[in-house]
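Hello,

Here is the structure you are taking over. My notes follow below it.

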Amino acid sequence: MVSATAGATRMPDAPAGADGYVLRTATAQDVGGARAVMLDTVYHDLRSGYVPRWHADIIDLEGAYLLPERCTLLVVVRGDEVVATGAVRDRGPQAPPNPQWVADRFPSGSTAQLCRIYVRPEHRRHGLARRLVRELGDFAVRAGGYTSLYLHTDPAVPGAEPFWRSLAQEVCDERTLPGGGQGIVHFELPMPAPRDLAAPHIR
């Protein structure tokens with residue numbers, strides 16, 4: 001059976017350790033659980049609720065991440081439950097609403113944007129977000145053509161800003177701009193060095 005994820009960049013399932021967590025490329029069967037994690041996060045952590053211009057990808061996860069060859073959606077599953085998500089999209093930040101110079105630095109096509117890295121509260125402090133970031137970076141290398149890894153975060157979310165500062169370099173803190181911008185922080189992560197990454201996994 002061929003995965004619903006297109007292309008030759010599907011990662012092999014990471015076997016469950018003693019903690020029971022399995023990290024894998026999402027399939028169509030994971031979409032409902034992944035969407036639930038994301039919507040719970042935007043309502044409870046981000047406190048924005050669903051905003052179509054920001055969150056349309058959450059409604060169409062297959063079209064946004066599973067079908068395009070240079071995009072992906074990863075999930076962490078424990079038992080039958082999706083407990084964490086992470087994705088790569090093949091476009092950079094747009095201006096507006098982002099500063100023009102940030103958009104210019106991270107153009108679509110050559111920028112792998114990390115997004116939707118969400119972990120259910122009861123499953124945090126298990127290193128799941130770091131595992132997702134590592135695998136998403138490896139995906140960007142396997143996909144080819146990406147020269148930068150970009151993300152932005154809302155520092156109002158508990159733990160988000162220190163987590164990303166431990167992994168990435170700040171590019172722009174919009175809180176320092178006149179009027180405070182959108183209040184978000186833009187980051188760049190180092191591209192992983194090419195290495196013996198896993199071969200495509202068809203199942």
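Trp164 touches Ile117, Val133, Leu151, Thr153, Phe187 and Leu189, leaving aside residues up to four places away in sequence; contact means heavy atoms within 4.5 Å. This is a predicted model, where local features need pLDDT of at least 70, side-chain atom pairs count only at pLDDT 80 or more, and totals for chains, interfaces and linings use all residues. Numbering starts from 1 along each chain as its sequence is written, and side-chain values use heavy atoms, with hydrogens and water left out.

Now the cores. The largest nonpolar core has 27 residues. A nonpolar core is a set of buried Ala, Val, Leu, Ile, Met, Phe, Trp, Tyr and Cys residues joined through side-chain atoms within 4.5 Å; buried means under 20% relative accessible area (1.4 Å probe, protein chains only). Val76, Leu114, Ile117, Trp164 and Leu189 have the most contacts inside this core. Helix H5 (128–143) gives the largest share of the core, 7 residues. Helices (H or I, at least four residues) and strands (E, at least two) are DSSP runs, numbered from the N terminus. A second, separate core has 18 residues, including Ala26, Val37, Met38 and Val75.

Next, the pocket. The largest pocket holds about 1600 Å³ of space. A pocket is an open set of points on a 1 Å grid over the protein atoms alone, where a 1.4 Å probe fits, with protein on both sides within 12 Å along at least five of seven lines; lining residues have an atom within 4 Å of a point. Its lining has 46 residues, and Leu46, Tyr118, His152, Thr153 and Asp154 lie nearest the centre. Strand E4 (111–119) gives the most to this lining, with 7 residues.

Best wishes

Methods. Points joined across faces, edges and corners; volume = space filled by probe spheres on them. Buried < 20%, exposed > 50% of the residue type's maximum accessible area, 1.4 Å probe, protein only.
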